[in-house]
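Subject: Handing over a structure, with notes

Dear colleague,

I am passing the structure below on to you, and would be grateful if you could read the notes that follow with it open beside you.

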Amino acid sequence: MKLIKKIATVVLIIFTIASAKAQGGGGNLPPEGSMSGIVVEKTSNTPMEYVSVVAYYQRDSSMITGILTDTEGRFSLSDLKYGKYYLEVKFLGFEKKRISDIKVTPKSKDVEVGTIALNSSDNEIDDVVISADRKFIEYKLDKKVINVSQDLTSVGGSAVDILENTPSVETDIDGNVSIRGSSNFTVLINGKPSVLDGSDALQQIPASTIEQIEIITNPSAKYDPDGVGGIINIITKQKKTDGFNGIFNVSAATQNSYSTDILLNYKTGKFNFFAGGDYRVKNAPGEGYQEQITYFDLGDYNQISNSDRNWKRNGYKGNAGFDYYINDNNTLTLSGDYGYRDFGMEMNTENEEFFIYNDGTTYPSPTEYYARNTFFNIAGNYYTVNFNYEHKFKQKGHKISTLAYYSKWDANEVNSMFEDTTNVNWEQIGDNIYKQQSFETKDRERYRFEVSYEKPIGKNHKIEAGYTGRFDIVLSDYNFELYDYKLDDYVRDEAQTNDLVFKNYIQAGYGIFSGSYKTLGYQAGLRTEYTDRLIEQGTTKYPIQRFDFFPSVHLSKQFPGDNQLQASYSRRINRPRGWYLNPFPFYVDKMNVRSGNPELNPEYIDSYEVNYMKRIKSSFVSVEAYYRQTNDKIERIQYLTDEGIMLSTFDNLSKDYSIGMEAMTNFSVAKWLNFNLSGNIYQYNIDGEILDEEVTKSTYMWSTRGNTTLKFKTGTRIQITGFYRAPSITSQGSMDDFYMVNAAVRQDLFKKKLSITFNVKDIFNTMNHNFISETSTFYSYNERGHDAPIFSLSLSYKINNYKNKKGKSERGGDGDSEEF
């Protein structure tokens, strides 16, 4: 709804200006004065963004000019002729407010209106109550904002479950996330780095602790440039009004999965104290099938396998901190987290192997059968410490802030595999024929320091500048053991034991200039980074020192007829992770090895976007065209070694590029029935060389998703969501299409203090993946599925009528308005 409000208020301003010019009120007096002020939400005193402020002549009510409030709720109307005015302040979902008898005179040219507080408005009809409800997805100049409270089907899940229903984002059967086809992106939590990376971080964050998720596909120069797809910023729930309050959630699901979390807050005087915790156990059983053929001069080696597996993601976390409001201009915050993460998979596979010679004979005859058990687990404790300080100068919007961040994660990884010979019925007929296991300790430390400065220039412009220092250190100790049947014990294999030191120091500075002229908004920035990276493996070192430059440009233009156009460009980088670079071989089993490539170059990405939005009564349509080119594309590749072992590693392709269009509409056929539909279609091209073979592929890919919500006065809400992804290609293969449908029902009780949600995920058990990998030396076909549908029941209880803090991304609605 916020996007609709934003478009509506912008259009109102355009009409206001046009009418004022046509009427020419105020005679021929030269423009001399100005009016300024700030708009806040009355109950929380929170500044409101994108509020329409329009000036009228008092004598004839002719409209003169107007503007939208900025992110801090400020507005400034300039070039006003001397005379008497009144202001109208409007925002959908809030009562209109009129400020009269404002005089602009030679003695009082620059009028400070002060603070204008708006009241939320509720409208009741026969069967439905509308309470300033926010839309599930809102569009901003540089981001999409997901309001998590509007997504019922993610209740009891993680951040990944929310993203399943989000435009621009795709998820797979194992919870891996990609943005417009790229699985490389940056995860932030409240604007700060996460202890874990990418999909691993998103899978560990309970949905019930999240207020909003920001999808930033073209970030400005202020942000770290890492990630092909952009940034996913998780904004957690917060509360900063006086007194004690909190919220408690508990959820249970089939497959022996359950979770609970609590948030508590106490604000008194100059201090705001907060604490919370969560505990999660999640199991995801599934099955798989694989056919693999390896081509040799004498014939083909065939492997067929069926597998059952179970992924587990368990963990807990506690966090606490406080805000200290020293005075109106100085605030400091100290917070910390401590947690434990336990992630792993166990898989049992039934295999048959045989060799077909060119003359048609088979060896062995009969076929060889064996069973394999594979176990993987990584677990460890982690903690973070955050310190923030902000100082506001006398001039509104003029401020400086600092950040100091430290995190540490001590992890232990265990891998084991053993095989048994069996008969055709998979019954063991002998002792174990092969056993291996490995142990790896990983100690990772991250330090981060930031200084950010903002200063308004005049009434409509602003400069920003800052420094960021990032220092990452990873120490890894890897031990590999094979089972010796003569000794009846595991023996360490020194040739496959490895210690690794990975250091990555990045220092950056940025500058941004932004402003507006009439209906045109603009922002231009440049970020410069110096990277000092070192990989030490024994006595071998792989150092890198490099300067990089990352420009960004954002433009927005309001047009008559409820139309808005946005355009942006950014340059980004994807730095290879440590295990992408580690050349030491990791033996998955006796026939499959994984290794990194220390010669990998980073990927450089040029990303362009143009977004058009139009308001149609209470609905809107958004169409976004984009082009993204990745140079030195990093791809996972497989090839057969001279020893007949399948080696998986990484290499740089020349480039890939995507050009496409994404459309979204949000509309209500009735005040109790809302639809949100989106679709994405793009042409994907790969142009490069792998293993001395030229690779040129091109295909069209598309996906669509929908969200239907029914809202009733009884406090009941029903929601159905679904998505479909068309077939796609990779550098060495392709993937079949798949789709999923979810449904949820929520009932609010006791004046919304208690909410009960029943959820069904993957109703038709269609979230299955089939894919093919193929080169001149091998062919592999894979099927992967999971156990579905998944049923869950969740309860949420609010302590002292807990309501979420309204942050900058959520102005314009009661953050807890879910009663219909």
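Where does Pro-789 lie? Pro-789 is found in the loop between β48 (778–786) and β49 (790–799), where strands, like helices, are DSSP runs numbered from the N terminus (a helix being H or I with at least four residues, a strand E with at least two).

Before going further, please keep in mind that this is a predicted model, in which local features need pLDDT of at least 70 and side-chain atom pairs count only at pLDDT 80 or more, while totals for chains, interfaces and linings use all residues. Residues are numbered from 1 along each chain as its sequence is written, and side-chain values use heavy atoms, with hydrogens and water left out.

Backbone

The peptide bond that joins Ala-788 to Pro-789 is cis, with omega at about 5°. Another cis peptide bond joins Tyr-363 and Pro-364, with omega at about -10°, and Pro-364 is placed in strand β24 (residues 362–392). These are worth a look because most peptide bonds are trans, and most residues other than glycine have a negative phi.

With regard to phi, Asp-488 has a positive value near 55° and lies in the loop between β27 and β28 (489–492). Asp-762 also has a positive phi, near 55°, and belongs to the loop between β46 (754–761) and β47 (769–774). Asp-488 is exposed, with a relative accessible area of 55%, whereas Asp-762 is buried, at 0%; here buried means under 20% relative accessible area, exposed over 50%, and partly exposed in between, with a 1.4 Å probe and protein chains only.

An open sheet

Four strands form an open sheet in the order β4-β3-β6-β7, with antiparallel pairing, where two strands count as paired if DSSP finds at least two bridges between them. Its edge strands are β4 (63–68) and β7 (97–104), each of which pairs on one side only. Neighbouring strands of this sheet are turned by 20° against each other on average, direction ignored, the axes being lines fitted to C-alpha atoms (for helices over the stretch in contact) and angles running from 0 to 180 degrees between N-to-C directions. Strand β6 (residues 83–90) and β7 pair in the antiparallel sense over six bridges, and the bridge partner of Glu-88 in β7 is Arg-98.

Salt bridges

Side chains of opposite charge can pair when their charged atoms come close. Taking a salt bridge as a side-chain nitrogen of Lys or Arg within 4 Å of a carboxyl oxygen of Asp or Glu, the count comes to 23.

Glu-88 forms a salt bridge with Lys-96, the closest N and O atoms being 3.9 Å apart. In this pair Glu-88 is buried, with a relative accessible area of 11%, while Lys-96 is exposed, at 54%.

The side chains of Asp-748 and Arg-746 also meet in a salt bridge, at 3.5 Å from N to O, and both Asp-748 and Arg-746 are buried.

Asp-224 forms a salt bridge with Arg-470, with 3.7 Å between the closest N and O atoms. Asp-224 lies in the loop between β17 (210–216) and β18 (231–236) and Arg-470 in strand β27 (residues 461–484), so this pair ties together parts that are 246 residues apart in sequence. Asp-224 and Arg-470 are both buried. Salt bridges that share partners join Asp-224, Asp-226, Arg-448, Glu-450, Arg-470, Arg-527, Glu-529 and Arg-575 into one network.

With kind regards
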